[in-house]
Amino acid sequence: MGSSLLRLIIGIPLAIAVTVGVFWLMIVNIRVGDLDLDEEATQYDIVINQEVAEVDVRRRETTIDDVESVEPPPPPPQIERQRAEQPTEGLSTIIGEIPSFDAPTLNSDSISFSVSDRDAQPLVRIEPQYPPRAAERGIQGSCAVQFDVTPDGTPTNITIMTGRCDSSLFERAAIRAVERWRYQPRVEDGVPVARRGVQTSFEFQLAD
């Protein structure tokens with residue numbers, strides 16, 4: 001209790017002294033009375049003239065007489081076209097007289113168109129391939145086939161001729177070759193017809 005009262009007695013005068021010192025320092029620093037406020041500020045007046053000044057524009061009047069006249073270029077020369085003179089002589093005088101002849105008379109009864117008959121003619125012939133098994137065994141020989149040709153030129157009814165094939169290994173190769181052939185069909189009285197019993201033979205020979 002005694003120590004608190006002692007602090008209060010010492011602190012109050014000290015605080016008053018500090019406050020007075022600070023206030024005095026502020027007065028010294030400011031020194032309002034020493035400032036020189038007599039100088040007059042420079043005043044600038046800006047005047048905007050709202051009237052628009054007229055500008056004197058010089059105009060030059062140009063007349064047609066002032067323009068120099070230009071002479072047009074001369075027209076292109078005209079080319080005279082030469083006209084061919086018509087011959088005064090007759091055509092018979094120039095190339096000779098044209099012989100006169102009687103025009104032939106044609107009657108439909110006297111004209112006849114006959115179309116000759118023809119047999120079937122091969123257009124595409126492909127040789128058979130040598131059977132691999134026959135080549136491995138060294139088998140050689142021939143094989144004959146018989147077939148018919150349809151009106152559109154296609155081989156049909158292909159058969160192996162009995163007793164005329166040296167090995168059965170050649171039969172399939174021969175038939176497959178004929179199946180790929182094409183013919184010009186047989187013609188009778190101008191109409192394509194079938195050709196029957198066409199025969200051919202294939203030779204199967206190994207190269208040396």
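Analyst: A pocket, as the word is used here, is an open set of grid points with protein on both sides within 12 Å along at least five of seven lines. Keep in mind that this is a predicted model.

User: Happy to start there. How much space lies in the largest pocket?

Analyst: The largest pocket holds about 250 Å³ of space. Its lining is made up of 13 residues, and Pro128, Gln129, Arg172, Ala173 and Arg176 are the closest to the centre.

User: What makes a residue part of that lining?

Analyst: A residue counts as lining when it has an atom within 4 Å of a point of the pocket. By that count, helix 4, residues 171–179, gives the most, with 4 residues.

User: How do the residues of the lining divide into nonpolar, polar and charged?

Analyst: The lining has 8 nonpolar residues, 1 polar and 4 charged. Arg counts as charged, and Ala and Pro count as nonpolar.

User: Let's turn to Ile158. Why is Ile158 called buried?

Analyst: Buried means under 20% relative accessible area. Ile158 has 18%, so it is buried. Ile158 is found in strand 3, residues 155–165.

User: Which residues is Ile158 in contact with, leaving aside its neighbours within four places in sequence?

Analyst: Those contacts are Gln146, Phe147, Ile175, Val178 and Glu179. Contact here means heavy atoms within 4.5 Å.

User: What makes the phi of Asn157 worth a look?

Analyst: Most residues other than glycine have a negative phi. Asn157 is not a glycine, yet its phi is positive, about 55°. Asn157 is found in strand 3.

User: And where does Asp189 lie?

Analyst: Asp189 lies in the loop between strand 5 (186–188) and strand 6 (191–193). Asp189 also has a positive phi of about 55° and is not a glycine.

User: Does Asp189 count as buried or exposed, and why?

Analyst: The cut-off for exposed is over 50% relative accessible area. Asp189 has 69% relative accessibility, so it counts as exposed.

Key:
Residues numbered from 1 in each chain as written. Predicted model: local features only at pLDDT ≥ 70, side-chain atom pairs only at ≥ 80, totals over all residues. Heavy atoms only, no water. 1 Å grid on protein atoms, 1.4 Å probe; cavity = no way out; pocket = protein on both sides within 12 Å on 5 of 7 lines; lining within 4 Å. Points joined across faces, edges and corners; volume = space filled by probe spheres on them. Helix = DSSP H or I, 4+ residues; strand = E, 2+ residues; numbered from the N terminus. Buried < 20%, exposed > 50% of the residue type's maximum accessible area, 1.4 Å probe, protein only.
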